[in-house]
Amino acid sequence: MDNKTKTLNIISKLSGKPADQLVPADELVADLGIDSPKALQLLVELEDALGIEISDDDAARMDTVGDILAQVAA
Amino acid sequence: MARAFPDPPATLVAALARAARFFPERGIAMLDSRGRTLERRSYPEILAAAEHGAGRWATLGVRPGERILVCLPTSWAMLDAWLGAMLAGALPVAVAPGASMGGGEAQRRKIEQLVASLDARFVVAGARFARDATARDTPRTAAVALAMEALDRTRAGRVQAPAARGDDVAFLQLTSGSTGTARAVMIRHRAAIHNALASDQAIGAPYGVAIHQRAEAMVSWLPLNHDMGLVGCLFLSIICGLDLWLLPPAAFLARPRLWLEHLGRHGTTFAPAPNFGYQLCVERLAETALDGIDLSAWHDAMTGAEMVRPETVDAFCDRFAHRGFRPQAFRPCFGLAEGTLAVTFDQAGRGMRTRPLPAGADPALGLSEVVCLGTPIEATEVRIVGPAGQPLPGGEIGEVRARGPSIFAGYWNDPEATAESLVDDWLATGDLGFLDTEGELYLTGRNKDVLIVRGRNIMPHELEWLAESVTGGGGAMRSGAFSVARGAQGEEAVLVVETQERDPARRDAMARAIRVGVGRQLSLPLADLVFVRRGRIPKTTSGKVQRRQLRAMYLERTLERLV
C-alpha cells in the first residue's frame, strides 16, 4: 500500500468519511470534524504508519487533506 | 510506613525549600511524547534550577510584582521560568502555547491582548514568537518578547526580592471569567498553601489519613497553565512530598494509554482529570488494547474542572474493571481558579453518587442525572443563593457561593469584575446547583458564557469575532455563540449569526467561510451554524448579546432559522 492510500485510510478512519470520497480541498476541522484531540491522534497514526516524524511547524501548516498529502505522501 | 511530615510552609517559596530539605529523594519527571522519561529532577535540583531561573530574571531587571507571561509547553524550561519568576518576587502568568494544527493567528492576537492588559514586563515563548512579533509590527509585544533560548543564555545575577509573605500575591492564573473575557486571578501564597493542604486532607478523608500518608506519586497530563495542573498536581506534589510524573498534554491526547500505563508503575498513585480525559480513554482504548495496563494501584481518580458526566464514569468503570480499577476510586470534586482550585470533594470514597436531575435545572447540558460533588474543604463554606443574592433552602437550585482561606484576592487590575465576583467575602462562582440535606453539593449548570468543548475553555467572543469578520457584521448585525450538550460527548459549539443576505447560495458560501475560519483558527468543529434575520438575536438595551437567552431559544426551537 503506498503512502497516499495509507494516509487517506487513516483520515477516513478518524473522520468517518470514506477514503474514496476524500478530496484535497476537504478542511480537516470544518469538513471532517478533526478537532485538536483527533488531530493529535492523526499525527501519531501518520507517523507510526509512514515511519516519519512530523514537526510542530509542519503540523501547524496542515489545514486540508491536500496539505497533509503534500507533506507526507509526495 | 508513617513519615514525619514537616510543618506547613507559609509560602510557595518556602514550600520549594521545604521539599528540597525534607523530600530530597522525591521529585518531578518530565515525560516525552512517547511516555519515556526525558529528565527527572529531585526537589533539591528543582529548587536549585528555580533559584538559577530567578537569577536570570534579576539580570534582566525584573522587579517585584512585575508580570512575566510564560508561554511554553510542559517542560523544564517552562517550570524554571515560572518558578524562577516567583522566586524573583515577580508575578508569573502561565499562558497556553498554541494548538498543534493550524490557527497561529488567534493565538498571537490573544498574547498581544494579554501583554497589553497585564502590562507584561516579558513574555517568554519559543524563538519563532519573538521573531513574528517584530515582523508583525506589534511594538508593545515585540519589546517584551523573549525567546526561551535567549533566557537560557542569560547569566544568573543576584536576586534582591523582599522575602515573600503569606498575604502576598504569588502568581496570576488566567481564567475565562463569567462574561468570557480573559481575566487574571490573583492567588496569594497562603491561599495556595491552604488549598493544597486542605486537598491533602479531603482526598485522604475516606481512609482517615491525609493522602500524603497513603500515596507515593501523581501522574498528570494536565497543562501547567490550567489550575488543576498547576495547583492540583504541581503544588500538591511539592507540598505533600510526592513524586510527580508529567506527560505533555499533547502526548496524552495522542496516546491516552500513556497516562494509564504510568498510573500503574509508580507505587500508590492518584490523579485528577476533567471528564473529557476519562472520556478519551474510553473512546480510544478498545477492550482488546488493554495489555500492560494495571490500574489496581490507582487509588483516587479525581474528576472535576468541568461537568462530571455519569455516562463517562460508568463507561470508564466498565472498560477498566478487569484491569484493577475500582469504581470507588472515582472522587468527583468542584472547584475553579477563583477558589485557587478545590472547593468541594466527594469525601465518602464510595465512588460516584448521583441523583435524578431536579426540576428547574438547565436542559442545555443534556444531563439526566446530577453527580454528587461532596462537601467543602477545611475552613470553607458553600451556600446557594437566588438572583438577589439571598440564601436559598436546601434542595433549591441557585448560584453556588464559597467562602474561605482559598478564595482569590480579586482579578488583577479589574476592581469592577472583582466586585461582581467577590460579594462580602463570598465568591460568586457563576456555577448553578443545590445542596442536599447532608450538605453535599450538586451542580446543574452555569451562569457563565464560556464554552467547554472537549476539555477546552473557549470564549464566545472568539467565535463571534470570526463570524462577524466573514459576514461584515458587528454593530447592528451580531452573532452569538454558546454550547449545548448531548450525553457522554459533552458540549458542542453552536453559532447563531444575523445576516441581511437573502440569496441562499451566498449564505451557504458565508456558512462555509465561517466554518473554515472557526476550524482553522480555533481547531473547533461547529455542531450547528444558524442564520437569522438582523435583530433576531436577543440583546440588552446596551446592545450586549444575551447568550443564555439565545441558547434557550435555540433549544426551544423558537429561533427562525433562514434556510
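Two strands are said to pair if DSSP finds at least two bridges between them. In this predicted model, chain B holds an open sheet of nine strands with mixed pairing. The order of the strands across the sheet is E2-E1-E10-E9-E11-E12-E13-E14-E17. Strand E2 (37-42) and strand E17 (375-376) of chain B are the edge strands, each pairing on one side only.

Within this sheet, strand E9 (residues 217-220) and strand E11 (residues 269-273) of chain B run in the parallel sense and are joined over two bridges. In this region, Ala217(B) is placed opposite Thr269(B) of E11(B). Helix H8 (residues 189-204) of chain B packs on the sheet. The strands touched by H8 are E11, strand E12 (298-303), strand E13 (330-335) and strand E14 (342-345) of chain B. The direction of H8 makes about 10° with that of E14(B).

The domain assignment divides chain B into domain 1 (12-164), domain 2 (183-446) and domain 3 (451-556). Taken over C-alpha atoms, the centres of domain 2 and domain 3 of chain B are separated by 30 Å. Contact between these two domains involves 14 residues of domain 2 of chain B and eleven residues of domain 3 of chain B. On the side of domain 2 that touches domain 3, the elements giving two or more residues are helix H12 (275-284) and helix H13 (310-320) of chain B. H12(B) supplies the largest share of that side, four residues. By class, this side of domain 2 of chain B consists of six nonpolar, five polar and three charged residues.

Definitions and conventions:
Residues numbered from 1 in each chain as written. Chains lettered and ligands numbered in written order. Predicted model: local features only at pLDDT ≥ 70, side-chain atom pairs only at ≥ 80, totals over all residues. Domains from an automatic or database assignment. Contact = placed C-beta atoms within 7 Å. Nonpolar A, V, L, I, M, F, W, Y, C, P; charged D, E, K, R; others polar. Axes fitted to C-alpha atoms, helices over the stretch in contact; angles between N-to-C directions.
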